[in-house]
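I opened the notebook for a pass through this model.

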Amino acid sequence: MARAADAGGAGAAVTLRPGQPADAPALAQIHRAAREAALPGLREPWGEAAVAAWLRDTLLARHRVWVAVAAGSAIAYLGLAGTELLHLYVAPGFQRRGIGGRLLAGAIAAAPGGLALYAFERNHAARRFYERHGFRGAERRPASANEEGSRTSATSSPHAKSHLSEEREP
């Protein structure tokens, strides 16, 4: 399987498609690489194999997942549970090319009442990305509220019906 970093060059066409269980290993690589690039030093409580299993058995099995593909390899993905954006990760070599925006636009279209999400407070690039797309801060959670031990902020789009006022399990 080609790694996301090897998936074509800047000119490779990017397509979006529904996620499949077979995508889990590639999505786990994207998940880990994007988090390492954006959040150096973040405590990762699970190894790549455990992340791949969770992606396959939980995210891909129970939720809507879209995968961005270039030159036959996954380069980004988005996971949506109703109106909550669970994951949006783009491989570091493909960031700032509009791919995350395309995935997010699809999620916004699928949830016309608004979306909500949590983002790590120190992930300034992600928070700016969501703000550019109309999301606003709504709530803060302490580091003890997640497995990574890092503070998060709830964010919602302008038409969201709630601001994720209750804590969710990590």
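Is strand E2 (residues 64-70) mostly covered or mostly uncovered? I looked it up: E2 is mostly covered, with six of its seven residues buried. Buried here means under 20% relative accessible area, exposed means over 50%, and partly exposed lies in between (1.4 Å probe, protein chains only). Strands (E, at least two residues) and helices (H or I, at least four) are DSSP runs numbered from the N terminus.

A note on the source. This is a predicted model, in which local features need pLDDT of at least 70 and side-chain atom pairs count only at pLDDT 80 or more, while totals for chains, interfaces and linings use all residues. Residues are numbered from 1 along each chain as its sequence is written, and side-chain values use heavy atoms, with hydrogens and water left out.

**Strand partners**

I next asked what E2 pairs with. Two strands pair if DSSP finds at least two bridges between them. Strand E1 (residues 14-18) runs antiparallel to E2, and five bridges join them. E2 also runs antiparallel to strand E3 (residues 73-81), with seven bridges between these two.

I then followed Val69. In E3, Val69 has Ala74 as its bridge partner. E2 and E3 form a hairpin, and two residues sit between them. I checked the turn: Ala71 has a positive phi of about 50 degrees.

**Salt bridges**

How many salt bridges does a search of the whole structure find? It finds two. The rule asks for a side-chain nitrogen of Lys or Arg within 4 Å of a carboxyl oxygen of Asp or Glu.

I took Asp23 and Arg17 to begin with. Their side chains meet at 2.7 Å, N to O. Asp23 is buried, because its relative accessible area is 8%. Arg17 is partly exposed at 26%.

Asp57 and Arg56 form a salt bridge too, with the closest N and O atoms 2.8 Å apart. Asp57 has a relative accessible area of 42%, so it counts as partly exposed. Arg56 is also partly exposed, at 38%.

**His31**

I moved on to helix H1 (residues 24-38), where His31 lies. Is His31 buried or exposed? It is buried, because its relative accessible area is 6%. I listed its contacts (heavy atoms within 4.5 Å). Leaving aside neighbours within four places in sequence, His31 touches Val51, Tyr77, His87 and Tyr89.

**Aromatic rings**

Rings of Phe, Tyr and Trp (its six-membered ring) pair if their centres lie within 6.5 Å; planes under 30 degrees apart are stacked, over 60 edge-to-face, and the rest tilted. I counted three aromatic pairs by this rule. Phe129 and Tyr130 are one of them: the ring centres are 5.1 Å apart and the planes stand at 70 degrees, so the pair is edge-to-face. Phe129 is buried at 16%. Tyr130 is buried at 9%. Tyr130 also pairs edge-to-face with Phe135, at 5.6 Å centre to centre and 70 degrees between the planes. I looked up Phe135 as well: its relative accessible area is 0%, so it is buried. Phe129, Tyr130 and Phe135 form one aromatic cluster.
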